[in-house]
Amino acid sequence: MLRLHVQPAAGRTAVSGRYGDALKVRVAAPPEGGRANQACQDLVAELLGVPKDAVELVSGASSRSKRYRVAGVEPDETERLLEEAINHAGSQPGGGRPGH
């Protein structure tokens, strides 16, 4: 289970750090029509190197606080990849990942 705190309609899609026990992300997509949820799903799949259909929104469809279930990646590997993304966000001006 992965918790996200989401800022929709941001300038770009990127990890921006931590928010309590959640991963804080910005997504360029607006919240209308589930587009921000889809952008979050795509970002999580990319970060963890899993297919998009391995990432399932479990709760928070209309909230900034979301929970995603991710299949096909071990918890230790998930933690390592997320820490890399968080550390990378802290080293970039404005946070995030280049090109996203």
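User: How many salt bridges are there, and what makes a pair count as one?
Analyst: The count comes to seven. A salt bridge here is a side-chain nitrogen of Lys or Arg within 4 Å of a carboxyl oxygen of Asp or Glu. Keep in mind that this is a predicted model, where local features need pLDDT of at least 70, side-chain atom pairs count only at pLDDT 80 or more, and totals for chains, interfaces and linings use all residues. Residues are numbered from 1 along each chain as its sequence is written, and side-chain values use heavy atoms, with hydrogens and water left out.

User: Why is the pair Arg69 and Glu56 called a salt bridge?
Analyst: Their closest N and O atoms are 3.1 Å apart, and the rule asks for within 4 Å, so the pair qualifies. Arg69 sits in strand 5 (residues 65–70) and Glu56 in strand 4, so the bridge ties together parts 13 residues apart in sequence. Strands (E, at least two residues) and helices (H or I, at least four) are DSSP runs, numbered from the N terminus.

User: What makes Arg69 partly exposed?
Analyst: Its relative accessibility is 40%. Buried means under 20% relative accessible area, exposed over 50%, and partly exposed in between (1.4 Å probe, protein chains only), so Arg69 lands in the middle class. Glu56, at 40%, counts as partly exposed as well.

User: How do you know that Glu84 and Arg80 are separated by about one helical turn?
Analyst: They are four residues apart in helix 2 (residues 75–91), which means about one turn.
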